[in-house]
Amino acid sequence: MFKKIIFLVAVTTLFLLTNTAGVLSKTIVEFSDVTEEHAWAKEAIDTLVAEEIIEGVGNDLFAPDEAVSKEQFAKMLSLALSVEIDFDAAQTYVDVPRDRWPFVYIEAVKSYFPLEEDRPINEFAPQRPFRRQEVAATVVNGLGLSANSNLFNKTVLESQFTDHNEVRAALWDSVAIAVERGILRGADGMLRPNAPVTRAEAAVFIHRMLLIREGKGEISFVTNTPIVGASQVTLERAKAWATQQGAHQRFIDIADIYWKYGEITGIRPEVLYAQAAKETGYGKYTGRVVPEQNNWAGIKTATANGDETYDHETFATPDDGVRAHFNHMSAYLGLDPVGEPHGRYFTACRTAWAGTVKTVEELGNKWAPEHTYGYSLVTKFLNPMMGQ
């Protein structure tokens with residue numbers, strides 16, 4: 001009996017050690033100099049310290065307002081991206097010899113760093129403070145976001161920031177992508193692209209990058225477009241826009257029903273009409289959903305577990321399909337449905353965000369898993385319909 005007790009104690013101890021090791025290794029460190037003034041960065045700092053991507057400077061200090069050098073950011077980025085380290089890498093930069101501490105980190109992520117126009121290609125300037133526009137471009141490169149498919153509005157910088165002319169031409173698209181995704185944010189109409197990045201800011205940049213990689217990007221875009229309200233587009237204008245886009249006649253004809261349910265529900269019909277354009281390819285139905293399903297929003301069935309045609313709802317008439325679109329959006333907005341709802345409506349009502357969505361941009365990570373789903377809907381479909 002005694003031996004059995006000893007055995008159980010040993011097993012229990014081993015279990016506790018095994019299952020608490022991860023918790024102990026990720027204990028939050030309270031830095032005395034991360035005060036209320038840095039509340040905007042605390043979550044990022046805590047997360048990155050716990051993940052051992054960034055660390056303090058000693059004596060319970062983080063030095064949140066200290067500028068980050070290029071070599072320091074290289075280490076943070078390589079750890080955050082879990083880039084494979086090559087300890088036998090050849091030396092690329094004359095000012096980063098093999099015996100310098102950041103050598104392996106710089107070599108691991110060098111392709112993400114933008115070239116400097118006023119510096120020889122074989123120099124890295126490891127100790128130079130890293131500027132906001134450079135960090136933004138580096139993070140965007142690390143995420144693999146190219147301007148060809150990831151920049152929605154090429155004029156976003158000049159339309160939002162008075163100091164947009166300080167952004168280097170070579171970095172323009174990358175900085176614009178960073179702004180559109182909420183990675184780089186300005187204040188009071190200023191972007192401060194040449195300001196050195198502080199350690200607190202660096203933590204926030206990296207944290208936002210990680211959230212986007214995990215499909216959990218923060219919804220913080222440069223536009224803020226309400227879904228509920230009076231229509232700002234006439235039915236005639238919407239049909240003209242659809243025609244200009246080469247829409248199928250069925251999409252042009254369905255506009256009347258969208259404006260009908262817009263009047264009934266108080267939801268802006270142009271928002272859902274734009275979404276229908278995005279989901280159906282202007283009524284051409286180039287994806288899994290077929291026209292006979294009368295499904296204008298890619299709505300899944302209540303039991304869907306894939307993305308096949310049968311995983312999507314089928315509605316008896318085009319009118320029923322549009323009504324379902326408004327009902328489905330109503331679940332996100334917290335509005336009452338019109339008529340008998342479809343099965344997926346009740347699934348949407350049980351989500352954590354049911355009844356909380358107010359803007360089109362907030363549909364990202366909710367209606368669809370893409371972080372930029374709502375924002376792209378605004379910039380590529382809604383704004384052109386509105387003549388913007």
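Student: Asn 365 lies in a loop of this predicted model; between which helices is that loop found?
Tutor: This is a predicted model, in which local features need pLDDT of at least 70 and side-chain atom pairs count only at pLDDT 80 or more, while totals for chains, interfaces and linings use all residues. Residues are numbered from 1 along each chain as its sequence is written, and side-chain values use heavy atoms, leaving out hydrogens and water. Asn 365 has a positive phi near 70 degrees, although the residue is other than glycine. The loop that holds Asn 365 lies between H14 and helix H15 (373-385).

Student: How many helices does the chain have?
Tutor: Helices (H or I, at least four residues) and strands (E, at least two) are DSSP runs, numbered from the N terminus. The chain has zero strands. Its number of helices is 15.

Student: What span does helix H2 reach from its first C-alpha to its last?
Tutor: Helix H2 covers residues 39-50, a run of 12 residues.

Student: Which residue with a positive phi follows H2?
Tutor: Within H2 itself, the buried residues are Ala 41, Ala 44, Ile 45, Asp 46, Leu 48, Val 49 and Ala 50. After H2 comes a residue whose phi is positive, near 60 degrees. That residue is Glu 52.

Student: How far apart are the C-alpha atoms of Glu 66 and Thr 198?
Tutor: Glu 66 lies in the loop between H2 and H3, and the residue is partly exposed, with a relative accessible area of 39%. Not counting residues up to four places away in sequence, Glu 66 touches Val 197, Thr 198 and Arg 199 (a contact means heavy atoms within 4.5 Å). Glu 66 and Thr 198 are 132 residues apart along the chain, yet their C-alpha atoms are separated by 5.2 Å.

Student: Which helix gives the most residues to the lining of the largest pocket?
Tutor: A pocket is an open set of points on a 1 Å grid over the protein atoms alone, where a 1.4 Å probe fits, with protein on both sides within 12 Å along at least five of seven lines; lining residues have an atom within 4 Å of a point. The largest pocket is lined by 19 residues, and Gly 298, Lys 300, Trp 367, Ala 368 and Pro 369 lie nearest its centre. Helices H12 (269-280), H13 (318-333) and H14 (343-349) each supply at least two lining residues. With three residues, the helix that gives the most is H14.

Student: Over which residues does pLDDT stay under 50?
Tutor: pLDDT is the predictor's confidence in each residue, from 0 to 100, and the chain averages 91. Where pLDDT is low, the predicted coordinates should not be read in detail. The stretch with pLDDT under 50, for which the model has two contacts beyond four places in sequence, is residues 1-25.

Note on methods:
The expected span of a helix is 1.5 Å times one less than its number of residues. Buried means under 20% relative accessible area, exposed over 50%, partly exposed in between (1.4 Å probe, protein chains only).
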